[in-house]
Amino acid sequence: MNEKILSKLFDVEQAHKIDVYLEKKGYQAVRKAVEKMTPELILEEVKNASLRGRGGAGFPAGVKWGFVPKGVDKPKYLCVNADEGEPGTFKDKYIMSYNPHLLIEGIIITSYCVGIHKAYIYIRGEYENIALRLEEAIAEAEDKGYLGKNILNSGFDLDLFVHRGAGAYVCGEETALLESLEGKRGNPRLKPPFPASIGLFNCPTVINNVETLSNVPSIILNGADWFCQVGLPKDGGTRIFGVSGMVKKPGVYELPIGSSLKEIIFDHAGGMKEGKELKAVIPGGMSAPVLTADEIDIKMDFDSLVEAKSMLGSAAIIVIDTDTSMIDVLRLVTKFYAHESCGQCTPCRIGNNWIRKTVNRIASGEGRKEDLDNIIRLANNILGKTLCPLGDAAAMPIISIVQKFRQELESYMRN
Amino acid sequence: MSPEFSEQTKKKLQEIIARYPQKRAALLPVLHLAQREFGRISFEEEKAVASLLEIKPIEVREVVTFYSMFMREPVGKYHIQVCSNLSCAILGAENLIDYLKEKLGIGLGETTADQKFTLTTVECLGACEYAPCMMINFDYYGNLDQSKIDEILDKLE
Amino acid sequence: MVKIIIDDKPVEVEEGTTVFNAAKDAGIAIPHFCYHPAFAPEGTCRMCLVEIEGIPKLELACSTIVREGMKVFTQSDRVVEARRGVLEFLLADHPLDCPICDQAGDCKLQDYYEEYGLYDSHFSEVKEKRGKKSKLGPHLIHDQERCVLCRRCVRFLQEVTKTQEMGVFERGVHAEVNIHEGILIDNNYSGNLAEICPVGAITDTDFRFKTRSWFLGKGTSICPHCSRGCNITIEYNAFFHRFPVPQRVYRIKSLYNPNVNGYWICDLGRYGYRYLDDDRLDEIRVNSGNDKLAWQAVAPLLAEKLNRLRYMNRASRIALVLNTWLTNEELFLVKKIFGDDLKTNKIVFADPPQGKADDLLLTEDRSPNRKGAEAIGFDLNPLDLDVLFEKTDILLIFGSYLKDKANPAELKTHLDKIETTILLSSHKSELDALVDVVLPVPTIAEKSGSLTNCEGVVQTFSPALEDHRNSCPEWQFLVDLGKELGSNFKYYSQFTSTQAILKEMGKEIVFFEMNND
């Protein structure tokens with residue numbers, strides 16, 4: 001079945017306006033949550049729904065909420081990760097542009113569940129126009145009593161603000177996001193302590209991706225079992241797959257978790273552009289190890305991709321054709337991570353730049369025999385040794401490209 | 001000369017600062033406003049922002065130099081930021097960048113003599129379904145080719 | 001208490017201890033750059049990664065808290081490989097400056113390379129270029145290319161001096177530590193930055209290109225420039241007396257003491273070491289009568305004169321000028337001999353002028369033992385020259401601060417009127433020509449004893465430097481004098497060392513009984 005949970009209203013005129021949203025049965029989940037459920041019940045439902053994070057890491061949302069300690073005399077915060085920096089990813093943009101109230105609803109229910117009265121949407125600075133739309137929607141929601149004091153007469157207060165980033169991919173990492181929200185350089189923090197206990201302004205904090213939170217209203221309305229049936233038992237619901245690259249119909253496609261990658265590329269996205277042949281696919285955003293053309297017969301869920309030594313990540317599918325040189329792909333990958341490294345820890349700061357220089361040297365025709373082995377060695381010195389996952393996000397794709405396309409790279413160097 | 005925010009901006013600034021339990025947290029939103037108002041964030045603006053948020057100018061510089069969107073020098077009226085990341089590159093972004101350099105007669109990071117256009121490359125803008133794409137100030141333009149680019153730039157006064 | 005095993009060695013530590021400190025207790029050093037015990041763990045250099053059984057990734061020793069039964073490996077193949085990896089990254093962009101870098105011999109990069117590196121370089125790229133030898137402050141030079149971004153300097157200026165002159169700018173490999181808008185680091189603790197920088201990125205202007213660290217011997221002492229009593233290490237040229245070298249003492253470094261100065265010393269003390277070598281008195285000088293006087297003869301001669309006055313009931317004609325650079329033992333001996341035995345009451349203090357205290361270490365008092373003098377029972381009477389010089393036949397002057405209390409002509413007039421004037425000083429001054437006998441004494445760095453700091457902490461010290469001059473420590477001279485005076489020979493004979501004196505002080509003065517360690 002092709003249940004549309006998140007994208008149901010994408011094609012509806014003015015669906016970003018609260019009147020249209022209410023007309024389409026919007027905010028019923030909030031009503032149900034605050035009038036008929038308790039925070040404990042909501043948490044139970046979200047846990048049972050196996051709602052895994054859609055930002056990249058895939059951590060179960062319900063489990064994360066459960067880590068917030070009870071009885072601590074400090075305010076709690078919710079940070080909505082709308083940084084959407086993972087290359088190839090553009091799905092959250094759609095939810096925020098075309099259905100911002102769905103996100104707001106999810107935020108309200110989550111906050112009610114965890115006991116949060118102040119939430120910030122950390123949106124990347126480049127999405128200025130979307131930020132304005134979010135602010136409009138928030139004003140509408142406040143106007144109609146879904147935000148602010150005493151929401152729907154429940155006694156529950158919630159203030160929601162939009163906070164703009166300023167161009168730093170690393171701020172999509174949750175602790176770097178917190179640092180940035182606090183007005184500092186986006187340097188990831190040492191964990192432990194974890195944000196659930198020491199987060200924003202030293203208070204317990206929940207950080208969730210836009211798409212993750214936007215699933216909460218439907219879970220509340222239709223139940224955990226339904227959510228798992230739409231997707232998989234341990235991995236409920238749909239994903240908004242973002243397809244880009246050398247395909248006929250790049251765009252967003254909401255499909256059940258576990259859908260076939262092959263189908264997504266060749267049926268939904270229309271297959272390769274005229275005269276182009278498939279060479280490689282990056283299945284989950286640039287940080288996901290690359291798959292060769294004969295590895296794409298795979299189901300798009302967290303566990304299947306881990307088994308294939310890649311990852312579902314942000315479900316951003318980049319389709320690479322045979323006319324695109326893998327040396328260029330490698331060059332663009334290393335350029336990105338070197339540029340976005342925050343610079344705090346030794347392996348990522350120096351390693352990424354070193355690899356970038358080597359790849360550029362190879363690309364300009366001055367590669368040497370030992371370069372490819374050296375790149376793998378350096379990438380392995382980054383992998384697992386850094387303060388935050390950006391190091392791994394860089395090392396894994398680099399290693400996968402050099403390993404799987406070694407012949408092509410070597411032949412490039414020979415010529 | 002210490003830069004002064006307009007009265008309207010001052011009001012907005014206070015509203016922004018009130019959203020956070022610590023003044024410092026308003027730094028990024030305040031810097032966006034400062035850049036909009038003054039065109040860039042130099043030492044003078046650092047001092048003004050620092051004094052507003054009760055932090056030190058050095059802390060403002062640390063933040064300004066960390067984030068790609070904050071400019072220490074002024075940019076042209078239209079800041080053309082072309083995405084140079086993977087999906088856009090697969091669909092020919094690098095050729096378009098060369099085309100823009102030629103068309104405007106400037107290199108990357110440079111501004112045209114009439115101060116109208118500044119050209120830079122950026123990493124993924126989150127518009128890969130319209131690759132190749134670019135952002136001019138805050139407006140996105142996608143599915144670019146040379147004639148589209150000509151059309152867009154012609155319309156900009 | 002928590003029991004863990006490090007490198008197959010069982011260790012028991014308090015709850016909340018980090019793996020790093022538990023290893024340190026067990027005598028196992030874990031390599032590190034960014035960690036410094038004065039600050040919270042930073043976790044960015046990645047050098048202290050260790051293997052912990054049951055955890056797939058390597059973990060940081062500096063920030064991981066021990067858990068009961070934890071098994072840690074600091075020398076496994078994976079750990080050594082990780083260290084080599086970090087070293088390789090740091091050295092990749094590091095300039096080949098060792099031959100001209102003052103940090104050489106004292107440099108963590110060098111030390112760890114010798115221990116864990118020893119690999120062939122695979123770096124074929126162009127190194128990143130950064131600023132070189134720029135002025136960072138009146139005492140500091142900045143070589144950005146050598147920086148490993150440990151941020152110790154930034155953290156120090158944020159958390160200790162709270163002056164925040166440095167920050168981290170830019171991002172990624174362009175990230176750099178620097179001052180802002182050329183505003184130099186001009187606080188009284190800037191020298192600590194050169195000390196905590198693990199590489200040669202921040203170096204001392206004073207020390208620049210003067211010598212190599214492996215030529216330096218080290219001795220510990222107490223800084224005498226104020227009454228904080230910071231513990232210091234004095235680094236001197238170990239070959240000073242065998243070969244002609246330009247200077248003896250090259251620099252002062254801080255010595256950790258949790259009860260006194262923590263990890264730091266101030267610039268006043270750090271850079272105020274020239275006095276140890278400059279303008280020193282080398283020989284006994286006699287301005288009247290006998291041309292040569294040996295040390296053995298001084299005490300008997302003086303004792304005779306003092307006794308004469310004592311038995312004529314004219315002890316009131318004995319006067320002393322003391323100072324609070326004298327040790328507890330020396331002040332105690334003065335009190336016993338001149339206060340109790342001879343019953344003189346003309347004892348005054350001439351000290352260097354007070355200065356401004358800061359809110360960290362530096363005190364107003366610019367001498368180390370005011371509290372000691374008070375505890376021993378002296379009223380630190382301000383100097384009244386008329387009282388001092390009126391009806392005085394014998395004047396003993398300790399230290400040369402008297403020269404600042406009156407103009408030379410006045411002093412000469414006063415001193416000429418006194419029959420016997422003796423000066424005990426470490427340094428040359430205008431007083432040398434105005435007294436009868438000048439006796440050279442060592443500095444605090446060259447003798448032993450104890451000092452009481454502004455908070456009442458009694459600290460003992462031994463010689464950090466050898467004194468090859470014809471000097472005698474004041475305490476030794478006073479003991480000899482006490483014996484020669486005869487009336488209490490047995491009592492003074494027990495004082496064969498400063499420790500013995502301090503022990504006796506503990507018996508006689510409650511303050512020193514309580515503060516004796």
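In this predicted model, helix H14 of chain A passes helix H17 of chain A in a left-handed crossing. The contact draws on A:Met326, A:Val329, A:Leu330, A:Val333, A:Thr334 and A:Tyr337 from H14(A), and on A:Ala394, A:Pro397, A:Ile398 and A:Ile401 from H17(A). By class, the residues of this contact comprise 9 nonpolar, 1 polar and no charged. H14(A) covers residues 326-340 and H17(A) covers residues 390-404, and the two helices pack at an angle of about 165° with their axes 10 Å apart. Because angles over 145 degrees count as roughly antiparallel, H14(A) and H17(A) are described as roughly antiparallel to each other.

H8(C) passes H12(C) in a left-handed crossing. On the side of H8(C), the contact is made by C:Glu329, C:Glu330, C:Leu333, C:Val334, C:Lys336, C:Ile337 and C:Asp341, while H12(C) contributes C:Glu474, C:Trp475, C:Leu478, C:Val479, C:Leu481, C:Gly482 and C:Leu485. The residues of the contact of H8(C) with H12(C) divide into 8 nonpolar, 1 polar and 5 charged.

The two pairs are set out below.

| Helix pair | Angle | Axis distance |
|---|---|---|
| H14(A) and H17(A) | about 165° | 10 Å apart |

At the level of domains, the assignment for chain A gives domain 1 (18-230), domain 2 (238-320) and domain 3 (326-414). The centres of domain 1 and domain 3 of chain A, taken over C-alpha atoms, are separated by 35 Å. Their contact takes 10 residues from domain 1 of chain A and 8 residues from domain 3 of chain A, and the side of domain 1 that touches domain 3 has 7 nonpolar, 2 polar and 1 charged residues.

Between chains, the contact of chain B with chain A takes 33 residues from chain B and 43 residues from chain A. On the side of chain B that touches chain A, the elements that give two or more residues are helix H2 (27-38), helix H4 (57-64) and helix H5 (86-90) of chain B, and H2(B) gives the most, with 5 residues. By class, that side of chain B has 22 nonpolar, 6 polar and 5 charged residues.

Notes
Residues numbered from 1 in each chain as written. Chains lettered and ligands numbered in written order. Predicted model: local features only at pLDDT ≥ 70, side-chain atom pairs only at ≥ 80, totals over all residues. Axes fitted to C-alpha atoms, helices over the stretch in contact; angles between N-to-C directions. Helix = DSSP H or I, 4+ residues; strand = E, 2+ residues; numbered from the N terminus. Parallel < 35°, antiparallel > 145°, perpendicular 65-115°, else oblique. Left-handed = near helix turned anticlockwise from the far one by under 90°. Contact = placed C-beta atoms within 7 Å. Nonpolar A, V, L, I, M, F, W, Y, C, P; charged D, E, K, R; others polar. Domains from an automatic or database assignment.
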